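Subject: Structure for you to look at

Hello,

Here is the structure I said I would pass on. Please open it first, then read the notes below it.

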Amino acid sequence: MTTNNKNLKLAIQKQGRLTDETLEFLRKSSLEFESYQQKLFSLCRNFPLEIVYVRDDDIGGFVENGVVDLGIIGQNILYEVRPKVKKLLNLRFGFCSLVIAVPKESDVRRLEDLNEKIIATTYPVSTQNFLKKSNVQAKVIKIGGSVEIAPVLGIAEAIVDLSSTGSTLALNDLRIITKIYDSEAVLITNDKFSGQTSKEKLLEKLLLRFKGVLSAKNYKYVMLNAPEEIFPKLKKIVPGLKSPNISQLIKKGWLSVQTVIKEDVFWETVEKLKRVGVSKIIVLPIEKMIT
Ligand code: AMP
């Protein structure tokens with residue numbers, strides 16, 4: 001591994017659920033690098049950044065101890081392992097929830113029914129904290145993996161595990177009792193290089209790129225045609241229309257308007273626009289959005 005201390009070092013999961021989306025996110029941030037299974041690290045061609053591929057369990061510790069400057073891991077690891085690191089950004093991928101589940105035929109229906117029961121998990125800290133807060137007395141046992149199998153083996157009556165679509169739980173005939181927390185991939189750092197102006201500047205530049213990609217993901221670029229007289233109504237429907245691009249159409253009394261709409265209210269907004277008389281709506285993805 002290179003020891004060029006002037007480069008920023010970012011640890012990411014070598015092989016696992018976060019790997020593909022992490023690489024995609026970094027590439028969308030215009031970072032150019034090679035990555036393949038056996039690779040231990042990549043030096044970016046167009047940014048002084050080294051990407052280090054490690055087990056995701058190691059990332060928090062490496063960031064905490066200053067072995068690397070930055071890491072991308074699931075928020076769930078921060079809750080469970082609590083490394084002394086600083087969260088910089090939520091990255092909007094790797095979504096999942098930590099849930100309590102029981103076999104479908106179990107008589108456990110509510111949280112209180114877990115009193116005196118045994119719960120198997122790879123997340124003992126998160127589980128214990130949640131049970132304590134909820135005033136439930138259950139025994140928590142830690143197992144290394146394949147948690148879903150614990151009830152079948154007769155070693156636990158319930159499990160606590162990560163779930164995203166719920167399909168793994170359903171496949172194993174498990175039913176969710178409650179959610180402990182939601183998680184997504186996050187960018188973390190430490191305070192080891194504060195004061196090192198050159199690295200701080202690099203981080204600033206990198207964050208500008210990352211934020212540009214994240215904002216773009218949250219918005220759509222929209223071009224629409226509307227009669228002039230409904231323009232005041234449009235302003236109310238699309239808050240992004242504070243400073244829209246407007247041009248006159250050849251058709252008299254009609255305007256062409258260009259603006260952005262937030263992804264999470266996109267369809268509601270489009271329905272409202274149609275209702276007030278907007279005629280043609282063209283939607284484009286945004287590659288980067290720098291504000
Ligand atoms: P893994 O590759 O199984 O070690 O998971 C790596 C990370 O992916 C976890 O720490 C979570 O942050 C995230 N993740 C997203 N969806 C899931 C899921 N359904 N099960 C496990 N982990 C998930």
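By class, how many nonpolar, polar and charged residues does the shell around the ligand have? There are 4 nonpolar, 7 polar and 2 charged residues in that shell. Please keep in mind that this is a predicted model.

The ligand

In total, 13 residues surround the ligand. The closest of them are Q13, R17, N76, C96 and S164. Three of these residues can be described at the level of atoms. N76 has a polar side-chain atom 2.6 Å from an oxygen atom of the ligand. With R17 it is the backbone that matters here: one of its polar backbone atoms is 2.8 Å from an oxygen atom of the ligand. S164 places a polar side-chain atom 2.8 Å from a nitrogen atom of the ligand. Taken alone, the ligand exposes 480 Å², and the protein buries 80% of that area.

The place where it sits

Which pocket holds the ligand? The ligand sits in the largest pocket.

The domains

The domain assignment divides the protein into domain 1 (8–93 + 185–216), domain 2 (96–183) and domain 3 (219–285). Why does the ligand lie between domain 1 and domain 2? Both of these domains give residues to the shell around the ligand, so the ligand lies between them.

Regards

Technical notes. Residues are numbered from 1 along each chain as its sequence is written. This is a predicted model: local features need pLDDT of at least 70, side-chain atom pairs count only at pLDDT 80 or more; totals for chains, interfaces and linings use all residues. Side-chain values use heavy atoms; hydrogens and water are left out. A residue is near a molecule or strand if one of its heavy atoms lies within 4 Å of it. A polar contact is a pair of N or O atoms within 3.5 Å; within protein, one must be able to donate a hydrogen and the other to accept it, and residues adjacent in sequence count only if both atoms are side-chain atoms. Accessible areas come from the Shrake-Rupley method with a 1.4 Å probe; for residues, only the protein chains shown count as cover. On a 1 Å grid over the protein atoms alone, a cavity is a set of points where a 1.4 Å probe fits but cannot get out, and a pocket is an open set with protein on both sides within 12 Å along at least five of seven lines; lining residues have an atom within 4 Å of a point. A molecule sits in a cavity or pocket if more than half of its atoms lie within 2 Å of its grid points. Ala, Val, Leu, Ile, Met, Phe, Trp, Tyr, Cys and Pro count as nonpolar, Asp, Glu, Lys and Arg as charged, and the others, Gly among them, as polar. Domain bounds come from an automatic or database domain assignment.
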